[in-house]
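I opened this entry to record what I looked up in the structure.

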Amino acid sequence: MTGTLGERDKLEKKDYSELGICALLAVLGVLVLVDAINIPADFAQRGPVGPKAVPIVVGVLLLVVAAFLVRDVLRGGRGEAEAGEDVDLSAPSDWRTVLLLSAAFLANAALIGVVGFPISGAILFWGAAYALGSRAFVRDPLIAAAMSIVTFVLFDSLLGVPLPGGPLMEVF
């Protein structure tokens, strides 16, 4: 082995920081299982499967994934840091984009009860497009309005999830 003593120590030292994710998955799995077991259900009301089945399966799968991940980490397996992404980690954060996206989301939350989802959703979609760099000032609001109306119709009419319509409630 070549290099300084410090470099050799870094190469030989095992890093177990990924065990934190394993612990998080295990705790989450236990919480899901405890909540699932405490779901009240009478056989006459629930049928043969019941409301506990899916949460129990999810909790058990979380514990299984945590166990396999612990085994992998202890055997030396490591995730590749940013291997699949084209991200320059030395570049500073783009706080302007974060603030613009936050403003669009907060505007949606503040306006949805007043002007309804079709209008507030259009503001959200257009604000997100603008924050992420689109500068098509005619096309973007039209696409945002269309997306908002389609989303409203899909949720309100087809899925039965009532969304506030605001002043456009009579139109739909």
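I worked on a predicted model.

Entry on L69. I located L69 in helix 4, which spans residues 53-74. I then asked which residues L69 contacts once its neighbours within four places in sequence are left aside. They are I21, C22 and L25. I also looked up A23, which is 46 residues from L69 along the chain; the two C-alpha atoms are 9.8 Å apart. L69 has a relative accessible area of 26% and is therefore partly exposed.

Entry on the aromatic rings. I found two aromatic pairs in the structure. In one of them, W126 and Y130 have ring centres 5.5 Å apart and planes at 25°, so I noted the pair as stacked. Both residues belong to helix 6 (residues 117-131), and because they are four residues apart, about one helical turn separates them. W126 is partly exposed at 31% relative accessibility, and Y130 is partly exposed at 23%. Y130 also pairs with F137: this pair is tilted, with 6.4 Å between the centres and 40° between the planes. F137 is exposed, at a relative accessible area of 54%. I therefore recorded W126, Y130 and F137 as a cluster linked by ring pairs. What lies over the face of Y130? I found R135 there, 3.9 Å from the ring centre.

Entry on the whole chain. I counted seven helices and zero strands. Of the 172 residues, 16% count as buried. The chain exposes about 12300 Å², of which carbon and sulfur atoms supply 69%. Among contacts with a separation of 6 or more, 60% join residues 24 or more positions apart.

Note on methods
Residues are numbered from 1 along each chain as its sequence is written. This is a predicted model: local features need pLDDT of at least 70, side-chain atom pairs count only at pLDDT 80 or more; totals for chains, interfaces and linings use all residues. Side-chain values use heavy atoms; hydrogens and water are left out. Helices (H or I, at least four residues) and strands (E, at least two) are DSSP runs, numbered from the N terminus. Buried means under 20% relative accessible area, exposed over 50%, partly exposed in between (1.4 Å probe, protein chains only). Contact means heavy atoms within 4.5 Å. Accessible areas come from the Shrake-Rupley method with a 1.4 Å probe; for residues, only the protein chains shown count as cover. Rings of Phe, Tyr and Trp (its six-membered ring) pair if their centres lie within 6.5 Å; planes under 30 degrees apart count as stacked, over 60 as edge-to-face and the rest as tilted. A charge sits over a ring if NZ of Lys or CZ of Arg is within 6 Å of the ring centre and within 35 degrees of the ring normal.
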